[in-house]
Amino acid sequence: VQLQASGGGLVQAGGSLRLSCAASRREFNIRSKGWYRQAPGKQRELVARISSDGNTYYAESVKDRFTISKDIAKNTIDLQMNSLKPEDTSVYYCNLRTTSKDYWGQGTEVTVSN
């Protein structure tokens, strides 16, 4: 499976962006779909995840600002990001986790200016 992420860009603090991740084909035995981010010099961290049963998880730093969703018809994983802060600046990666493998997108850069 190839994952293609899009939607990153430059936005002012308080603004919004919507990231989307399209999968090249449907996969089976999916455990979760999610978004991670990695800022320069920092480890990659989990931002949001949606499990196969529909349960969601959000990092504390993005709760009430970010919303993860999946569009089954389009086979995409979306991340709506509102009230963006400079500390949200990072490269965002989408992830598809199956029972046997992790798939990663190429990353899309988000820059939030003051």
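Mentor: We will take sheets, then an aromatic pair, then a pocket. Keep in mind that this is a predicted model.

Trainee: Let us begin with sheets. What is the order of the strands in the open sheet of four?

Mentor: The general idea comes before the case. Strands of a sheet pair through backbone hydrogen bonds, either parallel or antiparallel. Here the open sheet has the order β1-β3-β8-β7, and the pairing is antiparallel. β1 (3–6) and β7 are at the edges with a single partner strand each, so one side of each has no neighbour in the sheet. From one strand to the next, the twist averages 15°.

Trainee: How many bridges join β3 to β8?

Mentor: Six bridges join them, and the two strands run antiparallel. β3 covers residues 17–23. For a place to look, find R18: it stands opposite Q80 in β8.

Trainee: Now β4. Which strands does β4 pair with over eight bridges and over six bridges?

Mentor: Over eight bridges, β4 pairs with β9, residues 90–98, in the antiparallel sense. Over six bridges, β4 pairs with β5, residues 45–51, again in the antiparallel sense. Y36 stands opposite Y93 in β9, and its bridge partner in β5 is L46.

Trainee: What lies between β4 and β5 in their hairpin?

Mentor: Six residues lie between the strands, and G41 takes a positive phi near 80° in this hairpin.

Trainee: Which strands does β11 pair with, and in what sense?

Mentor: Strand β2 (residues 9–12) is joined to β11 by four bridges, and these two run parallel. L10 has T111 of β11 as its bridge partner. β9 also pairs with β11, over three bridges and in the antiparallel sense. There, S90 has V110 as its bridge partner.

Trainee: Next, aromatic rings. How many aromatic pairs does the structure hold?

Mentor: A pair of aromatic rings is described by the distance of the centres and the angle of the planes. This structure holds one aromatic pair. The rings of Y36 and W104 have centres 4.9 Å apart and planes at 65°. Planes over 60 degrees apart count as edge-to-face, so this pair is edge-to-face. Y36 lies in β4 and W104 in β10 (residues 102–104), so the pair ties together parts 68 residues apart in sequence.

Trainee: Are the two residues buried or exposed?

Mentor: Buried means under 20% relative accessible area. Y36 has 11% relative accessibility, so Y36 counts as buried. W104 has 34%, so W104 counts as partly exposed.

Trainee: How do the lining residues divide?

Mentor: Six are nonpolar, two are polar and six are charged.

Technical notes
Residues numbered from 1 in each chain as written. Predicted model: local features only at pLDDT ≥ 70, side-chain atom pairs only at ≥ 80, totals over all residues. Heavy atoms only, no water. Nonpolar A, V, L, I, M, F, W, Y, C, P; charged D, E, K, R; others polar. Pairing = 2+ DSSP bridges. Axes fitted to C-alpha atoms, helices over the stretch in contact; angles between N-to-C directions. Phe/Tyr/Trp six-rings, centres within 6.5 Å; stacked < 30°, edge-to-face > 60°. Buried < 20%, exposed > 50% of the residue type's maximum accessible area, 1.4 Å probe, protein only.
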